[in-house]
Amino acid sequence: MSSTPLWYDGKIVDLLEAGISPLANALHYGTGVFEGIRAYETPTGPAIFRLAEHLDRMALGANHLGMSLDLDALTAGHHDILAASGLQNAYLRPLAFYESGGLGLDVASLQKRTLVAAIPWSTHLGEASRTHGISLRTSSWRRIPATSVPALKLCGNYVNSILAKREATLAGFQEALFVDDHGFVCEGSAENVFLVKNGRIVAVAHPDMLPGITRRTICELTGAESRPVTLAELRDADEIFLTGTSVEVTGVCQLDSRPLPIGPITRQIAALYQAVVHGQTETERGWLCAA
Ligand code: PMP
């Protein structure tokens, strides 16, 4: 089997030799924080999209767990692992987690480990989702309120997304849509939500959603209005699309029982995003960090 490099606490090691304990605290309680980051091929070589913003968000999550991250080392780690992988387009996955020191819930004295993996990219909702869009089903699960666990990429939070995603896929849909008890839209299992109505673009805002970096990018590029949206308003939209590091900009072709067209504005925004992340337009505003 060919070896896969992993950046692990400052060194490049083989993934299979990382040697993580089965009694790692994070394995039992989700005491870790991660990010999903993309590197893209550009005319001047591979570059990482909005790395600093991703690492700032990771540091916020780490702070809640009492972990301090060395952001300079982690930044260098992303560039080192990308170079070691030889990939032009990659998904980069940093993770900081509590490993040894015990299975107690007081994490103050536990040892932290930090890793970054570079994984060859394949679209997580499938290649067909780019042209045909994806089906979205309103979930019966509620998003964990941000008053209970901060809306950040803390590992344990993702059980909530996994339950919603599983419910949606078992019902024959591709993605789940979280709404709250008052009828407001929150987000997808790993995506933020936008709607288009009469040519106006609206970014769904909700206190329990992850503040997505792709969402911010699309708001900055299009001037979309960010505000709360009810499920009734979403159902009445002309176009709906999802944003996220992995799905990029993906149109929704069905919301529950209602089929939707992948409209012209969604297609334009998806194309603009591709041009920006691949460094093919002047609007990249220093977002691409050359490897
Ligand atoms: N919401 C959730 C729950 C997510 O996991 C993600 C993916 N990170 C997003 C939204 C989109 O965020 P971003 O654009 O920063 O990837």
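Predicted model: local features only at pLDDT ≥ 70, side-chain atom pairs only at ≥ 80, totals over all residues.

Me: OK, what volume does the largest pocket have?

Reply: The volume of the largest pocket comes to about 700 Å³.

Me: And which residues lie nearest its centre?

Reply: Nearest the centre of the largest pocket lie Phe34, Lys153, Tyr158, Ser189 and Ala190, out of a lining of 42 residues. The elements that give two or more residues to that lining are strand E6 (90-98), H5, strand E10 (185-188), helix H6 (213-222) and strand E14 (239-244).

Me: Which of these gives the most?

Reply: That is H5, which gives six residues to the lining of the largest pocket.

Me: How does the lining divide into nonpolar, polar and charged?

Reply: The lining of the largest pocket holds 16 nonpolar, 15 polar and eleven charged residues.

Me: Now the second largest pocket, what lines that one?

Reply: The second largest pocket, with a volume of about 280 Å³, is lined by Ile20, Ser21, Ala24, Ala26, Leu27, Gly30, Arg93, Leu95, Phe97, Leu115 and Cys155. Helix H1 (25-29) and E6 are the elements that give two or more residues to this lining, and E6 gives the most, with three residues.

Me: What classes are those lining residues?

Reply: In the second largest pocket, eight of the lining residues are nonpolar, two are polar and one is charged.

Me: Switching to H6, is that helix mostly covered or mostly open?

Reply: H6 is mostly covered, since seven of its ten residues are buried, namely Ile213, Thr214, Arg215, Thr217, Ile218, Cys219 and Leu221.

Me: What comes after H6?

Reply: Gly223 follows H6, and the phi of Gly223 is positive, near 70°.

Me: Back to H5 then, where does Asn160 lie, and is Asn160 buried or exposed?

Reply: Asn160 lies in helix H5, which runs over residues 158-170. Asn160 counts as buried because its relative accessible area is 8%, while the cut-off for buried is under 20%.

Me: Which side chain makes a polar contact with the side chain of Asn160?

Reply: The side chain of Arg143 does, with a polar contact of 2.8 Å to the side chain of Asn160. Leaving aside residues up to four places away in sequence, Asn160 touches Arg142, Arg143, Ile144 and Phe178.

Terms used. Residues numbered from 1 in each chain as written. Heavy atoms only, no water. Helix = DSSP H or I, 4+ residues; strand = E, 2+ residues; numbered from the N terminus. Buried < 20%, exposed > 50% of the residue type's maximum accessible area, 1.4 Å probe, protein only. Polar contact = N/O pair within 3.5 Å; in protein donor to acceptor, adjacent residues only side chain to side chain. Contact = heavy atoms within 4.5 Å. 1 Å grid on protein atoms, 1.4 Å probe; cavity = no way out; pocket = protein on both sides within 12 Å on 5 of 7 lines; lining within 4 Å. Points joined across faces, edges and corners; volume = space filled by probe spheres on them. Nonpolar A, V, L, I, M, F, W, Y, C, P; charged D, E, K, R; others polar.
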